[in-house]
Amino acid sequence: MLASDGARDDLFGYSVAVSGDTVAVGARFDNDNGRDSGSAYVFERDAGGVDNWGQVKKLLASDGAAQDAFGDSIAVSGDTVVVGARLNDDNGHFSGSAYIFERNKGGSNNWGEVTKLLASDGATNDFFGSTVAVSVDTAVVGAHSNDDNGSGSGSAHVFERDAGGVDNWGEVTKMLASDAAANDLFGGAVAVSVDTVVVISQWDDDNGSRSGSAYVFAFVSSRPLTSNVTSIPNPASVAETIVLSAKLDDTDAGGSTITSAEYEIRNSDGTLVASGTGDNTVCPSSEHLCPVFGVGQLEVGPNPFDAVMESVAIDVPVGIVATLGPGVYEACVRGTDADRNMGTFEQEGACTLIVIYDPNGSFVTGGGWITSPAGAYKGDETLSGKANFGFVSKYKKGTTVPTGNTQFQFDTVGLEFKSSEYEWLVVAGALAQHKGSGTINDTGDFGFLLTAKDSAISGGPATDTFRIKIWEVGGSVVYDNGTDQAIDGGNIKIHIKK
């Protein structure tokens, strides 16, 4: 990788970070905003060709100035890039700063500046921004020369997305070493993953002069927490309203009253396809009663948002459900409190899978064989060999549960699965999925999920594909060939209803 406009003494590569298909590179002494003002570059996989890592954006601070050293540190997580500028002077000479950039800010596939981060107590020579880290909605910025516990003792600052308002990254805590001392340089490196922060104190003397140490912090978020997310009905037809219910709790976080609830729905590849708010649909009627999570734990009934712990029921209108169409989606709920701290859709427990089907839509049939790969049969993952399949899945007129028959035989181990009932069928373009239960060798209680793709449908694969996952109900997985595997023979056909 090279900068498209690289020049002598730019120090391109002084900092670097990667997340998924995105690489960010700092060039701390680039001169675009004055001598040594600095810059950063974003590269993406397959930009400019398959397996090419092409430059998609050059990042500059909106208020960049000479000797800021923007790009001195850099971090990336998903669609967020954080760039440190430790020599920025906003809070005094070399007090330092950091900048947040996000994908699609200011246009599709643009990486735009969202906000500038400053320490709430920034001071001369703190070098805030000398190190940065980011994980989803949490950013950590090191200030290794902060003087709170003596000259050069150091500190680290934690910021959260939407803390204090939408698109704001508010400082939520400042971290100091419990045994801090002068010249420890606490904050000389930082890392964050979900709710865990690690801070390096590179000149700590516990094992001798400048031997160094690391501190691990369990970070308590100020965001409202989401749990108990359910979808009713699930599966749902394209002609039904879906109700998302959840528990929102700010008791151990910000401690403020919940003021609103929001939802988002993403499809199987993570694309946002729907979103909305629950401001006016909190437990709206006897038809959609508040969920109850414990006697005396929550207010139950058509009440406004007025407590630090709320149960909510959010309507996803039938018009949105119909627009989404058949598929398997992830629906997530978050809350916002009176201090404008906004929960995150990415937190554990905030999401649930929802299935949308069309009882009047297409159906699927298939029959043939695959070469079962090593690792598919969990009883002995060294085994492979020919496996046969056959299935039909369809909705009969006026029904909401599909009917049909699914069989799968892996003769190498004498495994013969037969379906006994279906739960749902989804057909979306070239993809068909159905879920149900059955037996292995005419005994037991096993669940299964079959995924098939028809190569004859527009947007389908080059060859028909087949995947089946079989698990013991309440137990472990028995078989899963793991991918949309091209079949070796036979045919999969999605029958389009005219």
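Modeller: The second largest pocket holds about 560 Å³ of space, the volume being that filled by probe spheres set on grid points joined across faces, edges and corners. This is a predicted model, in which local features need pLDDT of at least 70, side-chain atom pairs count only at pLDDT 80 or more, and totals for chains, interfaces and linings use all residues. Residues are numbered from 1 along each chain as its sequence is written, and side-chain values use heavy atoms, without hydrogens and water. A pocket is an open set of points on a 1 Å grid over the protein atoms alone, where a 1.4 Å probe fits, with protein on both sides within 12 Å along at least five of seven lines; lining residues have an atom within 4 Å of a point.

Around this pocket stand 25 lining residues, with Ser-268, Gly-327, Val-328, Tyr-329 and Gln-433 nearest the centre. At least two lining residues come from each of strands S22 (327-337), S23 (351-357), S27 (415-428), S28 (431-440) and S29 (443-453); strands are DSSP runs of E, at least two residues, numbered from the N terminus. By class, the lining has 12 nonpolar, six polar and seven charged residues (Asp, Glu, Lys and Arg are charged; Ala, Val, Leu, Ile, Met, Phe, Trp, Tyr, Cys and Pro nonpolar; the others, Gly among them, polar).

For reference, the largest pocket contains about 790 Å³ and has 24 lining residues, with Asp-79, Glu-102, Arg-161, Arg-266 and Glu-346 nearest its centre. Its lining comprises five nonpolar, six polar and 13 charged residues. Strand S19 gives the largest share of that lining, four residues.
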